[in-house]
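Morning, everyone. Let's start with a helix and then move on to aromatic rings. Here is the model.

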Amino acid sequence: MPEPQSSEPSQSPDEAISPAGAGGATDLALEEGASLEKNPDGADGAGPAGKPRSLWSDAWRDLRRNPVFIISSLVILFLVIISIWPSLIASGDPLQANLDDAQKGSEPGHPFGFDPQGRDVYTRVVYGTRTSVTVGVCATLGVAILGSLFGGLAGFFGGWWDSILSRLTDVFFGIPVVLGGLVFLSVVTSSTVWPVVGFIVLLGWPQIARIARGSVITAKQNDYVQAARALGASNSRMMLRHITPNAIAPVIVVATIALGTYISLEATLSFLGVGLKDPAVSWGIDISAAANYIRNAPHMLLWPAGALAVTVLAFIMLGDAVRDALDPKLR
């Protein structure tokens, strides 16, 4: 008696192992490839090959999409270029004076008019950019290096070093900045920017030191630092390889915002007559010289004051954008 035959088609061994068959596997591979082409960085927050992005790569991606960062960066780039090569847009001499032109308004070749001594305001505004950018950048670098060094060592080692730094910063925080500048710079006769830079570094490093101290204390408690210590890593290696890259972000944010503050501080001290002095070219000096003529010739005050305001605003906007990009709590 013949056996009943099954109506189900027979399957090969390969098909039994892979129900989808060769065609299904090919389709699955094509779908995965298409998804990778649409999102080459992998999942959200991941880099190539599925690797997670670092804080710095995420920050740079956010900054490139931030219009505040782009606009402030372009303004700062322009200021840096004209501070290095002011002759690109101003061909005159900022010290050349002609009393016959004193307090005159705008005229062809002199769009900003003249100051009380008959000097071209436009040329002095352009050349004053070099002074402000130099003071801001040099003071910020000095404050960041000195404050990060002292604060980082205090936060890493603690103990008596931390106690001494805390008391020392309290002393410096108790000194009023403007009053300290009047006392410190009144005995300086140099007309260069370096006494002003030195004074700003002297009174500005405690703020960065406290930021660096707290950041280092937080970073050294992480598991990767404890693991490096258990494996016998030296203190210098832990500081340079593990703690500093993860603790430097708050210092960068504070220093970037403080740069604009230092520029305005230099202008304030020069306005009071204890900062830069003639024949130096400074926006603070020009604002001070034009203050008594605000009714008769407001252009002498408005142009250097406007340049100062735009410069300070650009650096503060840049600092805010960097802060938003580097602060993980704002994501």
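Look at G204 in helix 8: there is a kink of about 40 degrees there, shortly before the proline P206. By bend I mean the angle between axes fitted to the seven residues ending at a position and the seven starting there. Helices here are DSSP runs of H or I, at least four residues, numbered from the N terminus.

Before going on, the ground rules. This is a predicted model: local features need pLDDT of at least 70, side-chain atom pairs count only at pLDDT 80 or more, and totals for chains, interfaces and linings use all residues. Residues are numbered from 1 along each chain as its sequence is written, and side-chain values use heavy atoms, without hydrogens and water.

Now the rings. How many aromatic pairs does the structure hold? It holds 8. Rings of Phe, Tyr and Trp (its six-membered ring) pair if their centres lie within 6.5 Å; planes under 30 degrees apart are stacked, over 60 edge-to-face, the rest tilted.

Take F112 and Y122: edge-to-face, 5.2 Å centre to centre, 80 degrees between the planes. F112 sits in the loop between helix 4 (67–84) and helix 5 (121–157), and Y122 in helix 5, so the pair ties together parts 10 residues apart in sequence. F112 is buried, at 15% relative accessibility. Buried means under 20%, exposed over 50%, partly exposed in between, with a 1.4 Å probe and protein chains only. Ring pairs also link F112, Y122 and W303 into a cluster.

Methods. Helices (H or I, at least four residues) and strands (E, at least two) are DSSP runs, numbered from the N terminus.
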